[in-house]
Amino acid sequence: MSTTTPLPPGIHIRAATKADLPAAFALAVEFETAEFGAPDTMLEDMREEWESLDLAADAFLAHDDDGRLLGAATVSGLDRMSADIWVHPPSQALERSLLHVVEMPAVQRAALLPENKQVLLERVVNGANDAAGNLLRSNGYALARRHWRMTFEMDDPPAAPEWSEGIRVRSAVRDQDERAVHRVIYDAFEDDWERQRSSEEDAYEDFHTLMVATYRYDPGLWWIAEDAESGDMAGVALGVDFPDMGWVRLVGVRRQWRRRGIALALLRQSFAEFYRRGHRIVSLGVDSESPTRANKLYERAGMYMSQQLDQYRKVLRAGEGDAE
């Protein structure tokens, strides 16, 4: 590890290997349980992520002199990179060191991109943890957005969806609907604060990686609202089945079909399917400053804000695509 990286006494940082996955996962569970009350990371999800990384360059472990694992960090992405850091027991000094460590491959990756391309490094932290936010700000990061986790709890079957006249619903068909579904999402989020950063094709590549090319992809949880006359897709809700909850990854309705209750109906369709599968908790994430006031829709659906996550970012290189 570079001698320019400040390390707490007795701490050693090295690149991770595939054999380190179980220990890194156990550390992530300890960290998230202490930070949020319950773990968010699943072993298979972490394994899938590690398989997509160049571990020698993008994943790091911190040990003490006795070989105990105290911290782990990864960096992923290209022009908009994301850093994940787990430290347990809590140590601001070690977290700062790992933050410096993940910036090194991020800067190296930036050098491979066109000179006029803006390059960002982001980290998401618990909004209730003031120390985590202060650490990022003191290292050149700025708060970019606040995100809320909204949660719906079901003791009884949820209310049935009510579809407006001329709208029908169906689930997605694997290897047939994925690109058209993404087009709906791309259109529905045209006012999103970061939409200008990616072309539709680049956005689809990211969508395919995160939503389709994953073992969690289940088209039976992708609900499509169609115009019955034209067959055009009006809106979609894309769900993911986790062991302990249902998760609605994206909900979007194209502008010309808004104000017809389609988004609320799609949510309730998702709730009903998750209930049928045995889940009693469904969650999703929303931008607290959503231009479509999506959080108000979720509140009408009976959801409440259960967690706040703060998204920080550091501009490693200014250029085209500068965001607010």
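Let me start with D175, which counts as exposed because its relative accessibility is 71%, and the cut-off for that label is over 50%. This is a predicted model, by the way, so please hear every value today as computed from predicted coordinates. D175 sits in the loop between strand 7 and helix 6. As a reminder, most residues other than glycine have a negative phi, and most peptide bonds are trans.

You'll find R259 in the loop between strand 10 and helix 8, which covers 262-276. Is R259 buried or exposed? With 86% relative accessibility, R259 counts as exposed.

P89 belongs to the loop between strand 4 and helix 4, residues 92-110.

Twelve strands make up an open sheet with mixed pairing, and the order is 1-2-3-4-5-12-6-11-10-9-8-7. Which strands stand at the edges? They are strand 1, at 11-15, and strand 7, at 167-171; each has a single partner strand, so one side of each has no neighbour in the sheet. If you ignore direction, neighbouring strands are turned by 25° against each other on average.

How many of the eight residues of strand 3 are buried? Seven are, so strand 3, residues 69-76, is largely enclosed by the rest of the structure.

One more step brings us to strand 4, residues 80-87, and strand 5, residues 119-126, and these two pair in the parallel sense over three bridges. R80 has L120 of strand 5 opposite it.

Further along the sheet there is a helix to look at. Helix 6, residues 178-188, lies across strand 8 (222-227), strand 9 (233-242) and strand 10 (245-253). Its direction is at about 105° to strand 9.

On to helix packing. Two packed helices are described by the angle between their axes and the distance between the axes. For helix 1, residues 21-36, and helix 2, residues 43-52, the axes come within 10 Å and cross at roughly 125°. That angle makes helix 1 oblique to helix 2. As for handedness, this crossing is right-handed.

Which residues meet there? From helix 1 we have L21, A24 and F25, and from helix 2 we have L43, M46, R47 and W50. Sorted by class, that contact has six nonpolar residues, one charged residue and no polar ones.

In the loop between those two helices you'll find M42. M42 has 18% relative accessibility and therefore counts as buried, the limit being under 20%. Setting aside residues up to four places away in sequence, M42 touches F25, R216, F242, P243 and D244. Notice F25 again, which is also part of the contact of helix 1 with helix 2. For a sense of scale, M42 and L78 are 36 residues apart in sequence and 24 Å apart in space, going C-alpha to C-alpha.

My last stop is S164, in the loop between strand 6 (142-153) and strand 7. S164 counts as buried because its relative accessibility is 19%. Leaving out neighbours within four places in sequence, S164 is in contact with R260 and I262.

Note on methods
Residues numbered from 1 in each chain as written. Predicted model: local features only at pLDDT ≥ 70, side-chain atom pairs only at ≥ 80, totals over all residues. Heavy atoms only, no water. Axes fitted to C-alpha atoms, helices over the stretch in contact; angles between N-to-C directions. Helix = DSSP H or I, 4+ residues; strand = E, 2+ residues; numbered from the N terminus. Parallel < 35°, antiparallel > 145°, perpendicular 65-115°, else oblique. Left-handed = near helix turned anticlockwise from the far one by under 90°. Contact = heavy atoms within 4.5 Å. Nonpolar A, V, L, I, M, F, W, Y, C, P; charged D, E, K, R; others polar. Pairing = 2+ DSSP bridges. Buried < 20%, exposed > 50% of the residue type's maximum accessible area, 1.4 Å probe, protein only.
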